[in-house]
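My notes follow in the order I made them.

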Amino acid sequence: MNRPTPDWATPTRRTWILHSDSELFEQRVEFAPGSPFPPKHYHPEQTERFEVEQGAMIYVVEGKEHRLAAGQTLEVPAHAAHKARNASVDELAIVRWETRPAHRAESFFRTAAAVDGAGLLTGALLAHEYRDVFRPTGLVGLIVPLLAAVARALGRRLPVPVAPDVKEP
C-alpha cells in the first residue's frame, strides 16, 4: 500500500485513494474474506475497470459471473448491472478500481462508508442522493425514491463527506 492508514474503512473494506479528479477516481480496495455482495447496481455515465492485485474476486455483470484472479482485469461499461465480492472466505482480495469519468464517485464512496450499516432508509437516502453515479436495480431501485422520501420525512440526513486534507473540529 502507498499509505499505512486507509482513507476510509468499513467492516468489510479498506480503501486508499490513488487518484481523484473530474476524469478519474482511482482507489485500491482491500475486500475482507467472506465479504458480501453489495446491491446489484449500475452507473448511468461511468465505466469501471477492476484489476485484481491479490486474491480472487467474483463479479456478476448483466447476470454473467466472472471470477478474476490476481493479474486479471474486467471493465464494466456504463448502464451494465453488476455486483462484486471477494471470492474467498479465507483470504484477503486487493483490487485497483478505476471509475471514469469520476463525477461524484469519491463523495459517494466516502458517504457510503460513513453510513455503512445504518439501515435500509439511510441506504435509500444515499442511493437517491447519488443517483447520478449509483442506481440499484430491480425492486430495490424502484422503491428507493419512496424510501428516501420517508427517510427525509423522519429527519434523516446524510453526513457531509470530509476530504482527507480537511480536519474535523
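**Strand β6 and its neighbours.** I began with β6 and strand β9 (residues 82-86), which run antiparallel and are joined by five bridges. I took strands as DSSP runs of E with at least two residues, and helices as runs of H or I with at least four, numbered from the N terminus. Two strands pair if DSSP finds at least two bridges between them. Val60 has Lys83 as its bridge partner in β9.

This is a predicted model, in which local features need pLDDT of at least 70, side-chain atom pairs count only at pLDDT 80 or more, and totals for chains, interfaces and linings use all residues. Residues are numbered from 1 along each chain as its sequence is written, and side-chain values use heavy atoms, with hydrogens and water left out.

Next I checked strand β7 (residues 64-69). It runs antiparallel to β6, with six bridges between them. Tyr59 has His66 as its bridge partner there. β6 and β7 make a hairpin with two residues between them. In the turn, Glu62 has a positive phi of about 50°.

How many residues of β6 are buried? I found six of six, over residues 56-61. Buried means under 20% relative accessible area, exposed over 50%, and partly exposed in between (1.4 Å probe, protein chains only). Ala56, Ile58 and Val60 point one way; Met57, Tyr59 and Val61 point the other way. In a regular strand the side chains alternate between the two faces of the sheet.

**Strand β5.** I then moved to β5 (residues 47-54), which pairs with strand β10 (residues 93-100) in the antiparallel sense over seven bridges. Glu51 stands opposite Arg96 in β10. β5 also pairs with strand β8 (residues 73-76), antiparallel, over four bridges. Glu48 has Val76 as its bridge partner in β8.

**Surface patches.** I looked for patches of residues with over 30% relative accessible area and no salt bridge, joining like charges within 9 Å and nonpolar side chains (Val, Leu, Ile, Met, Phe, Trp, Tyr) within 5 Å. A salt bridge is a side-chain nitrogen of Lys or Arg within 4 Å of a carboxyl oxygen of Asp or Glu.

Arg131, Arg135, Arg152 and Arg157 gather in a positive patch on the surface. Arg152 lies in helix α3 (residues 138-153). Arg152 is partly exposed, at 36% relative accessible area.

Leu139, Leu142 and Ile143 make a nonpolar surface patch of about 330 Å². Ile143 lies in helix α3. Ile143 is partly exposed, at 34%.

Conventions: Accessible areas come from the Shrake-Rupley method with a 1.4 Å probe; for residues, only the protein chains shown count as cover. Lys and Arg count as positive and Asp and Glu as negative; His and the chain ends are not counted. The place of a charge is taken as NZ of Lys, CZ of Arg, CG of Asp or CD of Glu.
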